[in-house]
Amino acid sequence: MTAKQITPPVAEQRPYSYERHGITVEDPYFWLKDQSYPKVDDEDVLDYLKAENTYFDAQMKGQEDLVETLFEEMKGRIKEDDSSVPQKDGDWLYWVEYDKGAQYKKWYRKPVTGGDKVLILDETELAKGREYFRLGSFSVSPNGKLLAYSLDDSGSERFDARIKNLETGDLLEDTIPGTLSSLVWSSDSKSLVYGLANENWRTDNARLHVIGTPFESDIELYKEEDEGYRVGVGLTSSEKYLVIATGDNETSEVRLVDAANPAGEQILVKPRKKGVEYSVDEHDGTLYIHTNDNHINFRLATASMDVPGEWTTLIAGSDAFYMTDVEAYRDFYVVEGRENGLDQIQVRYYDDTARVEMVAFPEASYNAGLSNNPEYDTKKLRISYESMVTPDTVYDYDVAEKSLETLKVQEIPSGYDASQYRTERVTIKARDGVMVPASLVYHKDTPRDGSAPLHLYAYGAYGYAIPPIFSTTRLSLVDRGFIYAIAHVRGGDDLGRQWYLDGKLKKRTNTFNDFVDVARGLAANNYTSLGKVTASGGSAGGELMGAIVNSDPEIWGAVAAHVPFVDVLSTMLDESLPLTPGEWPEWGNPIADKDAFLLLQSYSPYDNVSAQDYPPLLITGGLNDPRVTYWEPAKWAARLRATKTDDNVLLLKTNMGAGHGGKSGRFDSLRETAEEFAFLLWQMGMAED
């Protein structure tokens, strides 16, 4: 029996409906949400997911050789015994290494004064016997003697924290279960500040653990009462103050407390105000506040520790320059941002506000930013840099000399010649007249006559920009004649904060329209042709995939939707889910607002599946995913199977032991990418014999 003859699973339709605002919604696949979630033990649910996985395996069986070829290509571009550039932090140099063939890292250090390297954490050893492994927080105490780290062994994003004595190599008895935050040391190295996940998988607290005491005696330093807010903990650059920050997607509030006395008095910088975001750093008793309170693209203000809520503008907000971050160092501070979508790094000085030094980079289009810079007193800045044709590059920028020193360029063992590739940044007019940029990369021999296939990727939510970065896996499509394009759609903040706001809430459909219009525009400009465009996106980008196959199915040759947020209406109506209350500022609250309900209902991909032809679809999910729950892709796939009018392949693959990010090892995740690319090539008639 061939793969085509194998019958796909058919999920039973069970009558279920709910009513909101006088509107009845039919949801015949509601039963795929296990009612004992987060435990998933309903045999009917598990049987369906397993049947879909079996069907996936059967359909992909004919592409096994192609998957293996792609996997080996991708693996061949990775330096297996790689290591990071050592970075000084106090008396030690720290770095990570991969052993040849290893899925996970080893963490090392050695004294700055010289000596042998010491293995301080072995992820490979920690991952043994686990189907899934992810290291969460990694934090060495100020005295260098203890390491606090956390790990997740299911993909559920509940991390258990442990503490290791770096002088003896022994684990302490201290265990903190169920963390969902950073692990931040007090300045005396005797206690940790962290946050626990509550029963709804939300961090609504900051707690203090004194080393050597039982977890049950930990002190709650702060408790957030607003169910939509999340609490995070950190340190100012000077490490004088612990930062307890709370907020949602549009509002924030910060408290500072002496890092030498975490249980001491907390200083509220400024009470929350809806729509105002701010973050805080500190230098010599002056606060440096990055905020959008009076300009959409943020300003930098200062305040005295004595009156932290009285802010004075240091750098005014700008329509042209989008200020994304500020970091304080002993002798200077650094402002990061984007102008015309291009990254900028500015070095500025406390005693000369007019002095601005720009870090200059060699290409016209690139992605650059501060990397790991743990020391407050530093003369050099570690910077990461790449472009769509330039591999990841690590620089040290000498602030006094204004010069870049190349420390490492990503090595591609199988070979890479940048001269064989071309990159462009083009703009396409969207249907409302707005010009939407797209970044492209392709082989120099790829024709520009409309005959080339094109793969289009986007995310488009939460103000996350998708930068024009280098990708070794992408080369497997580009070398086979694909043009690879990133659509910088509204919903991300690629062109500034307003670009983000123009793709959320009532303007959400701009994101979907931009993606479709970029595809049509690239075809009109002979980069490709309609029907030869493949597309992919994950999470909120998976929602985008669901929307564009509903609205314009004829454009796409094949689509991959990873952990797709497609059951939008139901999820935003379920305030018991981990993320929902905090997501209302992003999508709208359909419980309280009928207009929000109607808008979500109008574009929610699951609710808008219709009896029409759809392109070939690859859909993935994770059983333990707390962000996009497994039933969203499962319900969507089930409704598509029952409703669509074509015979195109539809595959659903659920990772039964992983979460939002898929499999955790570096090679396991590569194989999943190889499967996706094999699917796309297969459906485009480009599979290899």
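Predicted model: local features only at pLDDT ≥ 70, side-chain atom pairs only at ≥ 80, totals over all residues.
Two packed helices are described by the angle between their axes and the distance between the axes. Helix α2 (residues 64-76) and helix α12 (residues 666-683) have axes that come within 8 Å and cross at roughly 130°. The two helices are therefore oblique to each other, and the crossing in which α2 passes α12 is right-handed. On the α2 side, the contact is made by L66, V67, E68, L70, F71, M74 and K75. These residues meet F667, L670, R671, T673, A674, E675, F677, A678 and L681 of α12. By residue class, the contact of α2 with α12 comprises 11 nonpolar residues, one polar residue and four charged residues.

T246 is located in strand β16, which spans residues 241-247. With a relative accessible area of 4%, under the 20% limit, T246 is therefore classed as buried. The side chain of T246 reaches the backbone oxygen of R230 at a distance of 3.4 Å. Leaving aside residues up to four places away in sequence, T246 touches Y222, E224, Y229, R230, V231, T251, S252, E253, R255 and R272.

I555 lies in the loop between α7 (540-551) and β36 (556-562). The C-alpha atoms of I555 and W185 are 53 Å apart in space, and the two residues are 370 residues apart in sequence.

Notes: Residues numbered from 1 in each chain as written. Heavy atoms only, no water. Helix = DSSP H or I, 4+ residues; strand = E, 2+ residues; numbered from the N terminus. Buried < 20%, exposed > 50% of the residue type's maximum accessible area, 1.4 Å probe, protein only. Polar contact = N/O pair within 3.5 Å; in protein donor to acceptor, adjacent residues only side chain to side chain. Contact = heavy atoms within 4.5 Å. Axes fitted to C-alpha atoms, helices over the stretch in contact; angles between N-to-C directions. Parallel < 35°, antiparallel > 145°, perpendicular 65-115°, else oblique. Left-handed = near helix turned anticlockwise from the far one by under 90°. Nonpolar A, V, L, I, M, F, W, Y, C, P; charged D, E, K, R; others polar.
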